[in-house]
Amino acid sequence: MSIEKRIIAVTGATGAQGGGLVRAILAHPESGFAVRAITRDSGSEKARALAAAGAEVVAADLDDEASLQRAFAGAYGAFCVTNFWEHFSVEREQAQARNLAAAAKAAGVKHAIWSTLEDTRRFIPVDDPRMPTLQGKYKVPHFDGKGESDAVFRDSGVPTTFLLTCGYLENVIFFGWGPQRAPDGSLVLGLPAGQKRLSLIGAEDIGKCAFGIFREGTRHVGKYVGIAGEHVTGQQIAAALSETMGEKVTYAPMSWDAYRKLGFPGADDLGNMFQFYHDCEREFIAARDLTIARRLNPELETVGAWMKRNGGRIPKPA
């Protein structure tokens with residue numbers, strides 16, 4: 001007689017974190033879990049690929065609480081994630097968090113994971129002149145909005161684990177964090193990290209760690225679980241890139257002010273983020289225990305291992 005599997009409803013299922021969790025569940029049919037992939041467009045190419053791989057695909061919108069209630073109905077667990085970079089609005093992201101928590105409560109979800117980040121204002125107050133205040137009330141908007149929304153899940157009464165993530169290694173491929181060609185022809189990595197360490201992880205590993213949390217039951221409910229693949233300096237990132245790209249990469253960090261002034265949407269937010277990483281390095285890293293991440297996800301990749309596997313995808317400037 002077959003045993004009915006517990007359903008994990010995954011928002012952002014065609015994105016980085018949610019997609020990683022969907023694939024992790026599908027890769028372990030013996031785990032006792034089934035996956036319901038939630039996406040706005042259930043007919044998209046990515047959604048169809050998940051359905052072909054064995055996921056139940058359901059359409060819902062984070063801006064529509066009723067659609068989320070329907071998508072969460074009958075689910076044991078829910079993975080809740082928002083994407084600030086889709087709209088650059090803290091207020092909209094927080095409204096989506098309220099919808100997710102309310103829908104999970106209404107559906108009777110037994111275990112939610114809320115993908116969150118620190119509210120940086122606990123470490124660098126709004127009136128602290130070390131760092132510019134943005135939009136009149138934030139230091140790092142894409143962090144602060146999520147961190148402030150933790151209370152929404154706590155107050156909802158939904159059994160929730162708070163998953164503290166960190167920088168995606170994929171940013172080296174897609175977000176301009178890779179090396180650039182200097183006027184003298186050399187490759188230079190200009191990340192504004194100073195001489196402190198950055199916490200980095202492959203997006204796929206975030207999903208695998210979230211799966212590990214669900215597999216460990218409710219031991220993490222009400223707690224923060226911080227994950228990273230490795231804590232590395234700019235020099236160590238440059239060394240890994242050198243080995244992967246077959247050409248020496250030199251680390252020459254730009255200043256936070258220079259990064260804030262690059263002019264692309266969100267540059268000021270990210271410049272503040274890098275300053276937060278630097279000024280609060282000890283606290284940020286202490287919240288992300290690599291031994292816990294490795295227990296949750298035995299396949300966790302170091303920066304070097306990820307670089308080697310993805311070397312062909314990292315842009316090499318002409």
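Q: Leaving aside its neighbours within four places in sequence, which residues is K139 in contact with?
A: Quick heads-up: this is a predicted model, where local features need pLDDT of at least 70 and side-chain atom pairs count only at pLDDT 80 or more, while totals for chains, interfaces and linings use all residues. Residues are numbered from 1 along each chain as its sequence is written, and side-chain values use heavy atoms, with hydrogens and water left out. K139 sits in the loop between β5 and α5; helices (H or I, at least four residues) and strands (E, at least two) are DSSP runs, numbered from the N terminus. Counting a contact as heavy atoms within 4.5 Å, K139 is in contact with T120, R121, I124, P125, V126, D128, M131, P132, T133, L134, D144 and N272.

Q: How far from K139 is the nearest side chain of opposite charge?
A: Here Lys and Arg count as positive and Asp and Glu as negative, with His and the chain ends not counted. A salt bridge needs a side-chain nitrogen of Lys or Arg within 4 Å of a carboxyl oxygen of Asp or Glu. K139 is buried but has no salt bridge, where buried means under 20% relative accessible area, exposed over 50% and partly exposed in between (1.4 Å probe, protein chains only). The nearest side chain of opposite charge belongs to D128, and its distance is 5.9 Å.

Q: Which backbone oxygen lies 2.9 Å from a polar atom of the side chain of K139?
A: A polar contact is a pair of N or O atoms within 3.5 Å; within protein, one must be able to donate a hydrogen and the other to accept it, and residues adjacent in sequence count only if both atoms are side-chain atoms. The K139 side chain has a polar atom 2.9 Å from a backbone oxygen, and that oxygen belongs to D128.

Q: Which residue's side chain meets that of D128 in a salt bridge?
A: D128 counts as buried, because its relative accessibility is 15%. Its side chain still has a charged partner, with N to O at 2.9 Å. That partner counts as partly exposed at 44% relative accessibility, and it's R130.

Q: How many of the six residues of strand β5 are buried?
A: Side chains in a regular strand alternate between the two faces of the sheet. In β5, H111, I113 and S115 are buried on one side, and A112, W114 and T116 are buried on the other. So strand β5 (residues 111–116) is largely enclosed by the rest of the structure, and the buried count is six of the six.

Q: Which residue in β5 is the bridge partner of G77?
A: Two strands pair if DSSP finds at least two bridges between them. Strand β4 (residues 77–80) and β5 run parallel and are joined by four bridges. In that pairing, G77 has as its partner H111.

Q: Which helix makes a right-handed β-α-β unit with β5 and β6?
A: A crossover is right-handed if, with the strands pointing away from the viewer, the path from the first strand over the helix to the second runs clockwise. β4, helix α4 (residues 90–107) and β5 make one such unit. With β5 and β6, the helix spans residues 141–156, and it's α5.

Q: How far apart in space are V152 and N99, C-alpha to C-alpha?
A: V152 is in helix α5. Its contacts, leaving aside neighbours within four places in sequence, are A97, R98 and A101. V152 and N99 are 53 residues apart in sequence, and in space they are apart by 9.6 Å.

Q: Which side chain makes a polar contact with the side chain of S199?
A: S199 is found in strand β10, and counts as buried because its relative accessible area is 2%. Among the residues S199 touches, not counting those up to four places away in sequence, are C166, F284 and R288. The polar contact, at 2.8 Å, is with the side chain of H231.

Q: What is the phi of F88 near?
A: F88 lies in the loop between β4 and α4, and is partly exposed, with a relative accessible area of 36%. F88 isn't a glycine, yet its phi is positive, near 65°.
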